[in-house]
Amino acid sequence: MAKSLISIRDFSKDEILHILDIASFMEQNRSQKILDGKVIACLFFEPSTRTRLSFETACNRLGARVIGFSDTSNTSISKGETLKDTIKMVSNYVDMIIMRHPLEGAARYASEICNLPVVNAGDGANQHPSQTLLDLYTINQTQGRLDNITINMVGDLKYGRTVHSLLQALSHFNPKFIFTSPDELKMPTEYKEFLDEKGIGYQETANINDYLNDCDILYMTRVQQERFSDPMEYEKVKNVYKLTASMLNDVRSNMKILHPLPRVGEIALDVDDTPYAYFFKQAENGMYVRMAIIAYLLGYK
Ligand code: CP
């Protein structure tokens, strides 16, 4: 079976560090036409701005061509074609599949029914491993290290797939975690048990002010409206946190604010002008990291 990136746990610590090294090279060399003649499919069954456009830009910067869709309404999926048939068809046309899907496990399933590298660009509330690699790249870029970081994850820790993947990846690097969320959106038990098994500590709070001054990375997240089955439940928590510049007076000088984006109100615009905001550079880093992921999975040195 071809090597795929479905879960961040598919990559060893050495592989993660290798990807970050390649990404650093890509940041210094933004066009590397090493994939001339390759065709890559970007299949987005769910909305996306950054992930799709940065993957497509990464393909273009590497010299590959891109096919795909960003909306299933004008594909035969709208006529009832199954995921299996769609993947089998597309896999005959291309050299790699990058896909986002609302169902947990969809990307894993795709990787099992075709003999191509598959990249999971987000599956439901489960995993978003390319986001995790760009988050690690950005943490290393801002802190000069990955080891011994204190990271405060804030917001929707229940449905936010980025925090689930990032927690697992950081477990290689002796982190300390702070989980800031309302009771309704706490980090799921399975992830806390994962940390317990590894002897990694974490603290939980519902008050955003409790640990703002005690972290190296403040990882803000959006409340994931699309994952709520009951709209009233979403209404109760949608405005639970709003980070403003005036809340940052006593933070650590090295502290950086990351966010996978999009934001919908959890970071006020005045935070953008502080030296702590780093989320737009984080999104830019996604392009370099995705260039690295594609090149690595297609076997290029
Ligand atoms: N971070 C992220 O996945 O953004 P998009 O949903 O815009 O791709």
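The following paragraphs lead from the overall fold of this predicted model to its nonpolar cores and then to a few individual residues. Residues are numbered from 1 along each chain as its sequence is written, and side-chain values use heavy atoms, with hydrogens and water left out. Because the model is predicted, local features need pLDDT of at least 70 and side-chain atom pairs count only at pLDDT 80 or more, whereas totals for chains, interfaces and linings use all residues.

The protein chain has nine helices and nine strands, these being DSSP runs numbered from the N terminus (helices H or I, at least four residues; strands E, at least two). Its radius of gyration is 19 Å, close to the 19 Å that the globule rule gives for 301 residues, so the chain is as compact as a globular protein of that length; the radius is taken over C-alpha atoms, and the rule is 2.2 Å times the number of residues to the power 0.38. Along the principal axes, the C-alpha atoms fill a box of roughly 55 × 45 × 40 Å.

Of the 301 residues, 56% are buried, where buried means under 20% relative accessible area, exposed over 50% and partly exposed in between (1.4 Å probe, protein chains only). Among contacts (heavy atoms within 4.5 Å) between residues at least 6 apart in sequence, 73% join residues at least 24 apart.

A nonpolar core is here a set of buried Ala, Val, Leu, Ile, Met, Phe, Trp, Tyr and Cys residues joined through side-chain atoms within 4.5 Å. The largest such core holds 59 residues, of which Ile98, Ile151, Met153 and Ile294 touch the most other members, and helix H9 (residues 279–297) gives the largest share of this core, nine residues. Apart from it lies another core, of 19 residues, among them Phe69, Val94, Ala107 and Cys114.

Not counting residues up to four places away in sequence, isoleucine 151 touches Ile139, Leu166, Leu170, Lys176, Phe177, Ile178, Ile217 and Tyr219. Threonine 150 lies in strand E5 (residues 150–154) and is buried, with a relative accessible area of 11%. Leaving aside neighbours within four places in sequence, threonine 150 is in contact with Lys176, Ile178, Asp214, Cys215, Asp216, Ile217 and Arg252.

Proline 188, by contrast, belongs to the loop between strand E6 (176–180) and helix H7 (189–198). Beyond residues up to four places away in sequence, proline 188 touches Leu157, Lys158 and His164, while its C-alpha atom is separated by 8.8 Å from that of tyrosine 159, 29 residues apart along the chain.
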